[in-house]
Amino acid sequence: FGAVSDYTMQIYNRWGELLFESDDPSKYWDGTYLKNDKHVPEGNYVYFINIIDDYGEQFSYTGNFIMVKSYFH
């Protein structure tokens with residue numbers, strides 16, 4: 001696709017609680033809750049990404065991932 005004119009990304013836990021939301025493609029999720037900045041537990045999470053490019057074409061991506069904690073620093 002061409003340059004991005006509109007972008008949204010959302011991440012939810014398995015209970016449907018919104019954990020992260022952004023309209024800035026350069027902003028990433030750091031694995032914390034939206035409300036209190038505490039790290040989320042290991043488990044399954046769902047993401048939704050919607051992009052509209054400069055040509056007005058829309059792209060939607062949905063998927064899930066498993067959060068695994070690393071003990072290496």
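Predicted model: local features only at pLDDT ≥ 70, side-chain atom pairs only at ≥ 80, totals over all residues.
Local features required pLDDT of at least 70, side-chain atom pairs counted only at pLDDT 80 or more, and totals for chains, interfaces and linings used all residues. Residues are numbered from 1 along each chain as its sequence is written, and side-chain values use heavy atoms, with hydrogens and water left out.

Four strands form an open sheet in the order β2-β1-β3-β4. The pairing is antiparallel. Strands (E, at least two residues) are DSSP runs, numbered from the N terminus. Two strands count as paired if DSSP finds at least two bridges between them. β2 and β4 are the edge strands, each pairing on one side only. From one strand to the next, the twist averages 15 degrees. Axes for this angle are lines fitted to C-alpha atoms, and angles run from 0 to 180 degrees between N-to-C directions.

β1 and β2 are joined by four bridges in the antiparallel sense. Isoleucine 11 has phenylalanine 20 of β2 as its bridge partner. Glutamine 10 stands opposite glutamate 21, also in β2. The hairpin of these strands has four residues between them. There, glycine 16 takes a positive phi near 85 degrees.

The largest nonpolar core holds 12 residues. A core of this kind is a set of buried Ala, Val, Leu, Ile, Met, Phe, Trp, Tyr and Cys residues joined through side-chain atoms within 4.5 Å. Buried means under 20% relative accessible area, exposed over 50%, and partly exposed in between (1.4 Å probe, protein chains only). Among the members are Ile11, Phe20, Trp29, Tyr45 and Met67. Elements that give two or more residues to this core are β1 (4-13), β2 (18-22), β3 (43-53) and β4 (58-67).

Five aromatic pairs were counted. Rings of Phe, Tyr and Trp (its six-membered ring) pair if their centres lie within 6.5 Å; planes under 30 degrees apart are stacked, over 60 edge-to-face, and the rest tilted. Tryptophan 29 and phenylalanine 65 make an edge-to-face pair, at 6.0 Å centre to centre and 65 degrees between the planes. Tryptophan 29 lies in the loop between β2 and β3 and phenylalanine 65 in β4, so the pair ties together parts 36 residues apart in sequence. Tryptophan 29 is buried, at 14% relative accessible area. Phenylalanine 65 is partly exposed, at 24%. Trp29, Tyr45, Tyr47 and Phe65 form one aromatic cluster.
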